Structure formats: structure tokens, C-alpha cells
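Have the structure open as you read.

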Amino acid sequence: MSREFQWIGKPMLRVDGVAKVTGAAQYTDDMRLPGMLVGKILRSPHAHARIRSIDTSRAEALPGVKAVATGKDAPVRYGILPVSEDEFPLAVDKVRYIGDEVAAVAALDEATAVRALSLIEVDYEVLPAIFDPHEALVREDVKIHEETRKANIERRATLSFGDVEAGFLAADYVREDTFFKGAVTHAPLETQSALAQFRDGRLTLWSSTQVPHYLHRYLAKVLGIPAEQIRVIKPHLGGGFGGKGEPLPLEFTACILARKAGRPVKITYTREEVFLTHRGRHPMHMKLKTGVKKDGSITALHFECLLDGGAYGSYGIVTLYYSGQLLAGPYAIPAYRFEGARVHTNKPACGAQRGHGGVQPRYAFEVHLDRIATDLGIDPLEMRLKNAVEPNTRTVNELRITSCGFRDCLERSSNALSWTERRGKLPRGRGVGIAGGFYICGAAVPIYYNSMPHSNVRIEADRSGRVTVFCGASDIGQGSDTMLALVAAETIGVSPESVRVVSADTDTTPVDLGSYSSRVTFMAGNACRAAAEEVRNRVLSAVAEMNEVPIDQLEILNGVVEAPGYLVRTLSFQEAVALAEAGGGPVCGSGGYTPPKLAGKYRGGGVGPSPAYSFGAHAAEVEVDEETGDVKVIRLAAAHDLGRTLNPPAAEGQVEGAAVMGLGETLLEDHGFLDSGQHANPSLLEYKVPTALDVPDIEPFLVESVDPEGPFGAKEVGEGSLHPSIPAIVNAIYDAVGVWLHEVPITPEAVLKALRKKEKP
Amino acid sequence: MMVLPAFSLLKPVSLTEALSALAENPGALPVAGGTDLLVLMKHGLFNPSHLVDLKEVPGLGRIAITDQGVSLGACVRLSELRDHPEIRRSYRALSDAAGLVASPPLQNRGTLGGNICLDTRCHYYNQSAFWRQSLGFCLKREGNICRAAPGSKRCFATFSSDTVPALIALGARVKLAGWQEGALTEREFPLEEFFVEDGIRRNVLHPGEVVAGLHLPPAKGLRSGYRKYRQRASIDYPLVSVAVAFRIIENKLQNVRVVVGALASAPVAAVETMAVLEGNRPTPDLLGRAAELVTKSTRPVKNQASSPGHRRHMARVLCRRLLEEMVK
């Protein structure tokens with residue numbers, strides 16, 4: 001029966017909100033277990049070295065030390081991608097970056113553990129190191145991983161769609177540009193933490209993980225323990241952004257130490273360790289060539305991209321393919337060729353970070369597009385509207401576009417800044433810019449091959465009238481627990497306050513693949529809706545049977561079961577559940593979500609396809625001080641097509657948060673390294689995350705295209721808004737002072753240099 | 001978090017008790033807000049046996065205003081300096097500088113004395129023990145070469161206090177207290193003489209000696225201002241800073257003081273700028289010419305986020321903009 005939404009679209013308090021603002025919420029590092037030890041990891045001071053030997057005897061002899069571990073304790077390879085399992089929990093034979101894990105200690109207290117680390121003697125044979133990705137492409141004499149066939153190239157990828165040569169021949173104008181997007185890192189508030197306990201031969205690991213399920217699998221593999229004997233629990237988590245999106249050395253190491261010591265062991269990274277171990281956004285060197293007709297319509301695109309992957313695989317091969325695949329929209333591109341490579345360097349591994357894979361190429365392409373528009377004398381907004389993808393189409397690389405509010409996004413963000421009246425017409429030093437973007441709502445293909453659902457939810461309604469949602473989804477602060485409560489409440493018809501959510505515990509919750517690639521609202525939301533429907537049907541069937549009313553005449557509104565127009569007593573939801581339980585036992589429902597088969601039938605065709613795509617457009621207004629080079633973002637109008645708004649403040653918060661993160665990447669954050677491989681700024685003092693004073697007024701616009709397959713029409717809102725924010729700012733700088741910046745982050749010095757260059761061509 | 005090394009905490013309740021504690025324990029260091037020292041300790045840069053907490057020492061937290069000027073105790077909090085109505089009115093540069101230190105929570109904790117004694121800073125120094133060991137240690141701590149200027153015999157770590165350039169511009173005198181042969185010693189002199197152009201030695205404090213307070217002469221129509229350049233609008237240390245004070249008497253600039261911070265290992269008096277301004281009418285042309293000279297005596301090295309050239313450029317821009325605003 002169709003009806004107005006009871007809860008969806010209205011502001012809902014987070015289910016964990018009060019606990020978090022009062023400090024009651026327990027994060028992993030808040031936990032203490034009887035007999036718990038503190039674990040610490042010894043890290044390599046060398047960027048590239050062979051380990052000749054490790055002598056741990058002095059550390060072991062130190063009073064208070066209960067266990068010392070090295071690579072020999074678990075020499076099993078792992079890696080989030082089955083195609084690049086190239087890591088060990090602790091180094092075996094070799095270290096590959098400054099900070100690589102060498103050995104670990106568990107002691108009664110932290111000071112003893114730190115002291116014990118200094119007593120471990122490692123004999124290193126220092127090897128030449130590579131820090132420049134271009135060097136890594138060609139250098140055969142230095143192999144960071146022996147297995148790489150050519151130089152230090154982990155993977156090359158080539159994709160080609162349509163007739164690219166013909167597309168360029170048909171073009172009236174062809175432009176080429178090169179860009180560089182520097183490295184940035186996640187900088188979550190909570191540093192990574194893991195607490196391991198063995199009891200009765202079973203392992204429990206509490207960890208700040210975005211992916212309890214993958215962690216569960218790899219713990220079994222690396223530790224050689226059957227998965228059924230392992231429990232992974234994710235306590236409250238203080239921000240992930242991708243940095244906790246794969247099994248990490250501290251998680252294995254805590255378990256190895258706990259097993260050796262026979263006592264619980266907790267390892268919490270220092271802030272420096274968070275920076276040292278990284279796994280953030282890949283630096284990319286990019287080259288774009290685009291052909292257009294006189295009217296601005298795109299005829300062909302050729303994109304080349306070099307990814308500086310750092311020392312290990314991590315998510316990198318997926319990053320590589322995303323960087324190519326996600327340029328095929330949100331503009332209709334009839335012919336497209338991509339050539340990319342990911343190389344190893346002796347720096348911390350890069351991995352997934354909010355907006356994974358698409359952010360760097362999006363920056364490059366949107367600035368490149370503005371340059372083409374400027375060359376042709378076409379308004380950048382017009383240029384985008386002309387080429388915008390339409391709903392229910394396929395991109396040239398076979399991505400299935402269903403709902404699409406891209407035009408709306410362009411119009412709403414540009415209108416907010418009075419684009420037509422102001423673009424190109426503001427006084428010198430002030431400017432506006434626009435950019436678009438799109439992103440996946442989860443990957444249609446799982447990370448490891450299997451045909452099971454990507455998300456599962458079990459719901460139980462009990463005689464207290466409570467509804468409990470069990471789901472493996474990992475709330476990392478984005479609010480997925482609240483989303484599950486809302487979807488269950490709306491579907492069943494009870495108030496969200498009567499819903500409890502039990503999540504991210506592999507003993508009690510069914511599998512969800514985790515919080516990455518913006519998949520949770522779409523996939524867990526759909527699974528939750530299916531499970532809730534089942535519960536609702538169970539309850540209503542019982543009521544229908546008792547009252548002899550057709551089930552489709554019954555409804556549950558705000559926890560009350562009614563049959564409008566029938567002379568029957570209304571029942572509270574609690575009474576109705578009791579009735580159902582009396583008739584048929586526990587009132588449970590379950591649901592799973594499996595994406596449709598969307599993978600492209602070509603190598604790499606598994607990366608990019610998604611059951612739906614979010615779209616976005618940001619319009620930025622900046623002020624540029626031509627004497628100092630300072631760029632100040634005054635306003636950011638951020639429009640995001642999220643299908644349907646489930647919880648407005650949560651959705652707006654995601655859009656704003658992503659925009660702020662983009663702003664930081666554009667103007668401040670630089671995850672750099674010295675020539676000798678040391679991290680240039682491993683602290684929140686020197687790694688410049690924007691402060692509240694650096695953030696402008698952000699106006700979020702939520703565009704509702706109502707997706708046919710999303711839960712209540714919803715799509716992702718967590719990551720997509722990062723894509724357009726960077727190029728919107730860069731394009732606004734051009735409008736303000738007439739210079740294009742082909743390198744991000746943009747320093748004041750770079751602005752001044754560009755201005756000087758423009759004066760003296 | 002990084003581990004704070006173990007130490008004994010002493011909490012004296014008088015200045016003599018504090019000074020004798022410092023004298024008796026050669027490994028002791030004074031502490032007040034701890035916003036600088038505790039971080040340095042976590043990095044393994046200082047490893048004191050004792051910390052002597054000055055916060056409970058009577059008198060050190062006092063602000064006294066008399067006909068003779070203003071006396072400021074070493075433990076006055078930066079947020080008090082920022083908000084104090086009289087300081088804001090008569091010594092604007094100091095109030096503004098205090099309000100630009102780090103961020104409001106740190107201003108609530110950090111003290112004037114601590115900001116004056118702030119350790120000099122360098123990219124190769126303000127790092128963890130692990131990091132410094134990986135790169136190799138430096139002149140300032142445990143090593144024998146300067147990582148910022150290899151080949152140099154001296155340390156170029158940067159003087160990074162915000163309040164000091166303002167205080168010097170305002171003509172502050174510093175009062176030091178020490179302990180010798182069982183008796184309190186005191187000395188007082190202009191604040192600029194407190195600092196040494198040496199990233200390691202930094203200042204003239206003897207072991208066991210502490211900054212007890214400062215004295216500012218009566219303002220008497222003094223105008224003053226402070227500008228700071230940093231990457232973010234909060235938290236960051238200065239990449240460069242400029243403090244200016246002068247009087248306008250009969251349309252002419254008098255008693256001009258211009259001090260530059262964060263371009264050397266000590267605050268730098270911009271004597272060329274002062275000479276151009278002193279006794280002259282503040283025309284835009286004069287202010288521009290004076291500002292161009294503000295970095296004349298500075299030779300910063302690359303040991304901060306921004307390039308030395310850009311930091312010097314920013315000093316000139318900030319100086320001109322500040323002068324223009326102050327003559328309005």
C-alpha cells in the first residue's frame with residue numbers, strides 16, 4: 001500500500017549521537033580487559049633494506065615484557081585484493097618503506113614496550129630506494145617486489161572503447177594537458193586500534209575496522225585458525241575515510257602477540273604511526289587529450305595516468321582501474337582510451353580514500369574541460385550541460401546509468417552563486433567556478449569472487465515491542481546504524497526509537513562486506529528493507545487472521561496496527577508481535593542484497609559497474625590575493641544527487657564533510673616525503689587539515705532523482721561530493737585571476753608563480 | 001599517543017622554593033602550561049628528571065597596572081592577555097599576538113613565560129625520536145650536522161614565539177629570577193637582550209634561572225599591531241610575523257619599533273625600516289619603502305613549510321599592510 005513516508009526525509013537523531021556527545025561511547029582504545037598488555041610495533045628506519053637477522057633476546061629478557069614477535073610468527077601473505085597479496089603482518093626478509101613493521105612487543109605497560117623495542121637488534125643490509133614513480137617505471141636494478149616482471153610496475157591497464165582515432169579525426173578542436181595531484185591522507189580523529197583476546201582457544205578481536213568481514217577472513221588465513229573460531233567486533237569508530245578499509249598489520253600483530261603471551265593485547269597507533277602507515281590517496285601524474293566539436297560536444301578522450309602506489313598493493317589495482325573507468329561519465333564520451341600504470345615506490349602504501357580512484361582524474365578532467373570551454377569561448381556551465389549524461393543510458397565503457405540528477409545538480413549549484421550574472425563579471429581577484437562528478441553506490445562485483453549477497457540483515461521483533469536489526473555493516477561515523485534503524489522503522493511502521501541496531505560483530509551479525517565504495521546505504525539498506533518487510537508481513541498476517549481482515553487493508557502507523565474502515569480493535573505493535581509470536585514462534589525476518597550482474601565483458605570490467613551512481617556539481621566562489629597568493633574559498637554550493645534523502649541532517653553532513661575534505665586537498669594538505677624517504681609532516685600540526693576557520697560557508701543541495709533500485713530510492717551520499725569540490729575551486733581561481741593551476745595542492749607560492757608567468761609569457 | 005617519559009613533578013608554592021628546587025636538581029626544568037615542553041618530551045627532545053610546576057607560585061599569575069606601566073607575571077595565560085581590556089586598549093599588538101598563538105584551547109593553557117621561552121623550531125628537529133633516528137640526528141639534539149643547512153656550523157632553528165615580537169615592539173623589559181648560594185638573584189633588562197641568534201642556545205637564561213615576569217612602560221598614545229603569516233587560520237606556528245609600534249606626534253611617526261619574528265633564531269629588530277619611518281610623515285610611499293626593508297637583516301633557511309623567499313616576501317607585505325592600517 002502506498003503512503004506518505006512516516007520517518008524518511010525528516011531529521012532523525014543518530015542512534016549513537018547521545019553516547020558520542022556525552023563521551024559515553026566506547027571506542028576500541030577505551031577498552032580494558034583483565035590482564036591486558038600493551039603492544040608496540042618496531043618500524044624500519046630504512047626505506048629499503050634486507051633483514052639479515054633480528055635478535056630479540058634482550059627485549060625478551062626485559063622485565064615486564066610478555067611476548068616478542070617477528071615475521072617468523074606468521075609468515076603468511078595477505079592483501080585486501082586477492083590479486084595482490086604482497087604483505088606480511090611483520091616483515092619477512094625485507095622492509096620496503098620507512099615505517100614498515102619489523103617486530104612487535106607486548107608488555108605490562110607502554111613505557112616498557114617502547115623500551116623493549118629499542119632492545120631489539122635488527123641487522124639491515126640497506127638497499128637503494130626508489131621514491132619517484134617515473135624512476136620506478138624503468139629501473140630494473142632495484143626491485144621493491146621481486147615478483148614484478150618489468151621494473152617496478154605492479155600493473156599496467158589499458159582500456160579502449162569506441163573508435164578513438166575516428167573521434168579525434170571528427171573533432172574540430174583537440175587539447176592536451178598534464179596534471180599532477182599530490183598525495184593526501186585520511187587523518188581520522190581516532191587512530192587505529194586493535195585489541196585481541198584468546199579464550200578457550202577462540203580469538204576475539206575488537207578493532208577499528210571498516211571491514212569486519214574481510215578482516216575475519218584474513219585473520220583465519222594468516223593466523224591459521226578456522227574462521228568459525230574467530231570473532232571480530234567493531235566498537236564505536238572515530239572516522240575511517242578508507243584508512244581502516246582493509247586488514248592492517250596491527251590487527252594481525254595484536255593477535256599474534258596475544259596468542260604468544262596468553263593474555264589480551266591492545267595496540268593503538270600513535271598519530272605518527274597513522275601517517276607513517278598511510279594507505280591514502282595515490283599521487284597521480286595525468287595526461288589528458290580531448291577532442292570536441294565547435295559546439296563543445298566531446299568526440300573522444302584519451303587519458304594516461306601514472307599512480308605512485310608506495311610499497312604495497314593495498315587497493316591499488318582497483319584504484320588504477322577506477323581512475324580510468326570513472327572518467328567515462330558524467331559526460332557522454334563516445335570514444336575513450338585509458339592507459340595507466342601503478343608502480344611501487346619505497347613509501348607507505350597508498351590505498352583507498354574517500355572518493356577512491358576518481359578524485360584525481362576528476363580534478364584533472366574538470367579543469368581540462370574548463371580550458372577547452374575557455375579556448376572555444378563557451379561558458380563552462382553550458383559546456384557541462386551540453387555533454388551531461390542522461391538517465392537510463394550506458395556510458396561508452398558499459399556503465400549502466402539509471403537515475404541521474406546531474407543536470408539538476410549543475411543548475412542548482414550554479415544558480416546558488418548566480419552563475420550567469422557573475423561568472424566572468426566579478427572584480428579582479430574574485431571568481432566563481434563549477435565542476436561536476438559522479439560516483440558509485442557500491443561495487444557490483446565483490447572483492448573476492450563469490451555469488452553470495454553483498455549485504456545481509458536479520459531483524460527480530462520481540463514481545464516487548466522492540467525491533468532489533470542485526471547487520472554486519474560497520475558504522476564508521478557515517479551513520480549506517482542510524483540508516484538501518486530508519487529503514488527498518490519506515491518499512492515496518494514503528495518509530496525509530498523502538499529499533500535497536502546490533503552491527504559489525506561477526507558472531508552475531510550476518511555478513512555485510514563493509515564500509516567502502518559508498519555501498520552501505522544502497523546495499524545494507526536494501527537488505528534491511530527486505531528483512532523488515534518479512535517482519536511486517538509476519539505481524540500483519542497474524543493480525544489479519546485474528547480479525548479476519550484482508551492483509552492489504554492493514555497498516556502499521558507509528559507503532560499502531562490499524563485497519564482503516566474496518567470495525568476492529570486497533571492493536572499496539574507490541575500486542576501484534578505477541579500475537580504473531582504466539583501463532584508462529586519468533587518473529588524474524590531476513591534479507592540480502594545481491595547487485596545485478598553488471599560487470600563489463602572486458603579485462604577490468606569488474607571495476608566501475610555499480611547498481612546506481614550518485615551525481616554532483618559544486619560551484620565555488622573564491623577570493624585570490626594577488627600579492628600573497630592566498631586563495632580563500634568564500635562559498636561552496638554543493639549539489640548532490642542522492643536519489644532520496646533518508647535523513648536530511650546526516651545527508652547534508654556528508655556533503656559538507658566531503659566538500660571540506662576536498663577543500664583541504666586543494667589548498668592545504670600535502671602528504672609529502674623528504675628526498676631520503678622520511679615522511680615530511682607526520683603530525684596534525686604539520687599536515688594541514690583545514691580548521692573550522694579555514695572552511696567557508698557550504699550550502700548543500702540535495703537533489704532527489706529517486707533511484708529505481710535504491711532503498712526508498714536512495715543512493716550514496718558519503719563520497720561523491722568530494723569529486724567536484726577540488727576542480728570547482730581551481731576553476732574559480734581562473735575566473736578570479738586568470739591562471740590555471742595544474743598541480744594540487746595549490747600553495748600561495750604556486751599561485752604567485754603562475755601569476756608572474758602570465759605577466760611574462 | 002606518544003609516551004611521555006617519566007619524571008617527578010614538584011609543585012612549589014613560592015618562588016624561592018621553585019628556584020631552590022631547580023638549583024638542587026640539575027636535571028629539572030620549569031613548566032607552566034606545558035604546551036611546548038610536554039610535546040618536546042614526547043618527541044624525546046627533553047628528558048628532565050623533574051618538572052617544577054610554576055603555576056601555583058604566588059604572584060606569577062598577576063597582571064598589575066600602575067602609573068609606571070603594566071607588570072605581567074610569567075604564568076599569566078595567553079587567553080588573559082588576549083582578553084584583558086586594558087591590554088587590548090593600550091597594548092594591542094600583545095593582545096592580538098596572544099590571540100594568534102595556536103588555538104583558543106592552547107591559549108587557555110599556555111602562559112606568557114612559556115611563550116617567551118618557547119623552543120626554537122625546525123622541520124628536522126620537531127620530530128619523534130624514531131623519525132630523527134631514521135634521518136640521522138641534527139646539531140640541535142644528539143647530532144653534529146645541521147639538516148636544514150648542511151655544512152653550517154650553527155643551528156638555524158626558527159624563533160617562533162608570537163608574543164615576543166609584540167612585546168619587544170612595545171618596549172618590554174624582562175625580569176629573571178635565579179638562585180645562587182642559597183639566595184634569590186634577580187636581573188632585569190630589555191626583552192630584546194634576552195634572545196641569542198643561535199637556534200640551540202636561544203636565550204641568556206642560566207641553568208635554574210626562570211622568567212619571572214615582564215614590564216611594559218606606560219603606553220602614552222602608543223599605537224601597536226601584530227600580523228602573522230601561517231598556512232591555516234588557526235593552530236599553526238608563524239612562518240613569519242611582524243610587530244609594529246609607534247606614536248604619531250604632530251603628524252609624524254615617533255618612537256617607531258618594528259620587530260620581525262620567525263625569520264631567524266631570535267626576533268629581529270628591523271632597524272632599516274625603523275630608520276626610514278622615524279620622524280617622518282606616514283605617506284603611502286614612505287610606508288611602502290620602509291616595508292621593503294623589513295627583511296634586510298634576515299637570512300632564513302628552508303626549515304619550515306614555506307620557502308625562505310616566500311616568507312621574506314610575506315614579511316614585507318604584512319609589514320606594509322600593518323603600517324597602512326595603523327596610520328589610519
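By class, six nonpolar, six polar and four charged residues make up the lining of the largest cavity. Keep in mind that this is a predicted model.

**Largest cavity**
- There are six cavities of 30 Å³ or more in the structure, and the largest holds about 190 Å³ of space.
- Its lining counts 16 residues, and those closest to the centre are Glu686(A), Lys688(A), Arg121(B), Gln304(B) and Ala305(B).

**Second largest cavity**
- Next comes a cavity with a volume of about 90 Å³.
- This second largest cavity has 13 lining residues, with Glu87(A), Phe88(A), Asp100(A), Glu101(A) and Tyr312(A) nearest its centre.
- Sorted by class, the lining of the second largest cavity has seven nonpolar and six charged residues, but no polar ones.

**Open sheet in chain B**
- Over in chain B, four strands make an open, antiparallel sheet, running in the order β9-β10-β11-β12.
- The edges belong to β9 (223-229) and β12 (268-269) of chain B; each has a single partner strand, so one side of each is left without a neighbour in the sheet.
- Strands β10 (residues 240-249) and β11 (residues 252-261) of chain B are antiparallel partners, joined over eight bridges.
- To see that pairing at the residue level, look for Ile248(B), which sits opposite Leu253(B) in β11(B).

Note on methods. Residues numbered from 1 in each chain as written. Chains lettered and ligands numbered in written order. Predicted model: local features only at pLDDT ≥ 70, side-chain atom pairs only at ≥ 80, totals over all residues. Heavy atoms only, no water. 1 Å grid on protein atoms, 1.4 Å probe; cavity = no way out; pocket = protein on both sides within 12 Å on 5 of 7 lines; lining within 4 Å. Points joined across faces, edges and corners; volume = space filled by probe spheres on them. Nonpolar A, V, L, I, M, F, W, Y, C, P; charged D, E, K, R; others polar. Pairing = 2+ DSSP bridges. Helix = DSSP H or I, 4+ residues; strand = E, 2+ residues; numbered from the N terminus.
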